[in-house]
Amino acid sequence: MVLYYLLTAFYVLVCTVLLLVVLLQQGKGDIAAAFGGGSSSSAFGARAGATVLSKATAVLAALFMLGALALAIMGQRGPGSVISGSAPPRPASAPLAPAPAPTTPAPAPTTPAPAPVAPAPAPQ
């Protein structure tokens, strides 16, 4: 579990550095010219050699993708089911606890109970 947290911390660091490296690069293209960047005659700017920032971007992008894949694999709980972490059910033969007795007495009936009727004598 410690490896997961170390990888997460490393992943956050890679994301932060990748963000900074991308923001440090000079814009190339017509949209960048509208915001103060240099423009050129070709569509994507002049072909230049790979700079340190472009190499760092490629390496950090690869680490970003591999880190996301590794965290996704490590974050899985495994082939368990949804109820794999719950306690097993009680056996049916186990007696249940008796219900507690009521603490308040039942209210007395307000009408008197009718007197019992004697059965009629059987004819002889």
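This is a predicted model: local features need pLDDT of at least 70, side-chain atom pairs count only at pLDDT 80 or more; totals for chains, interfaces and linings use all residues.
Me: Why is the pair of tyrosine 11 and phenylalanine 64 called stacked?
Reply: Two rings pair if their centres lie within 6.5 Å, and planes under 30 degrees apart count as stacked. The centres of the rings of tyrosine 11 and phenylalanine 64 are 5.5 Å apart and their planes stand at 20°, so the pair meets both conditions and is stacked.

Me: What makes this pair a tie between parts apart in sequence?
Reply: Tyrosine 11 lies in helix H1, residues 2–24, whereas phenylalanine 64 lies in helix H3, residues 52–74, so the pair ties together parts that are 53 residues apart in sequence.

Me: Why is the pair of tyrosine 4 and tyrosine 5 called edge-to-face?
Reply: The ring centres of tyrosine 4 and tyrosine 5 are 5.8 Å apart, with 70° between the planes. Because planes over 60 degrees apart count as edge-to-face, and centres within 6.5 Å make a pair, the name edge-to-face applies to tyrosine 4 and tyrosine 5. By this rule the count for the model comes to two aromatic pairs.

Me: Why is tyrosine 11 called buried, and how is phenylalanine 64 classed?
Reply: Buried means under 20% relative accessible area, and tyrosine 11 has 17%, so tyrosine 11 is buried. Phenylalanine 64 has 33%, which falls between 20% and 50%, and therefore phenylalanine 64 is partly exposed.

Me: How do you know whether tyrosine 4 and tyrosine 5 are buried, partly exposed or exposed?
Reply: Tyrosine 4 has a relative accessible area of 26%, which lies between the cut-offs of 20% and 50%, so tyrosine 4 is partly exposed. Tyrosine 5 has 51%, and because exposed means over 50%, tyrosine 5 is exposed.

Me: How do you know whether the span of H1 is close to what is expected?
Reply: H1 has 23 residues and reaches 33 Å from its first C-alpha to its last, which is close to the 33 Å expected at 1.5 Å a residue.

Me: Which residues of H1 are buried, and what do they pack against?
Reply: The buried residues of H1 are Tyr11, Val14, Leu18 and Val21, and the buried residues of H1 pack against H3.

Me: What makes the nonpolar surface patch?
Reply: The patch, of about 420 Å², is made by Phe10, Leu13, Val17, Val59 and Leu63. H1 and H3 are the elements that give two or more residues to this patch, and H1 gives the most, with three residues.

Me: How are leucine 13 and leucine 63 classed?
Reply: Leucine 13, found in helix H1, has 51% relative accessibility, which is over 50%, so leucine 13 counts as exposed. Leucine 63, whose place is in helix H3, has 34%, which lies between 20% and 50%, so leucine 63 counts as partly exposed.

Me: What is leucine 63 in contact with, leaving aside its neighbours within four places in sequence?
Reply: With those neighbours left aside, leucine 63 is in contact with Phe10 and Val14. The C-alpha atoms of leucine 63 and cysteine 15, which are 48 residues apart along the chain, are separated by 9.0 Å.

Conventions. Residues are numbered from 1 along each chain as its sequence is written. Side-chain values use heavy atoms; hydrogens and water are left out. Rings of Phe, Tyr and Trp (its six-membered ring) pair if their centres lie within 6.5 Å; planes under 30 degrees apart count as stacked, over 60 as edge-to-face and the rest as tilted. Buried means under 20% relative accessible area, exposed over 50%, partly exposed in between (1.4 Å probe, protein chains only). Helices (H or I, at least four residues) and strands (E, at least two) are DSSP runs, numbered from the N terminus. The expected span of a helix is 1.5 Å times one less than its number of residues. Contact means heavy atoms within 4.5 Å. Patches are made of residues with over 30% relative accessible area and no salt bridge: like charges are joined within 9 Å, nonpolar side chains (Val, Leu, Ile, Met, Phe, Trp, Tyr) within 5 Å. Accessible areas come from the Shrake-Rupley method with a 1.4 Å probe; for residues, only the protein chains shown count as cover. A salt bridge is a side-chain nitrogen of Lys or Arg within 4 Å of a carboxyl oxygen of Asp or Glu.
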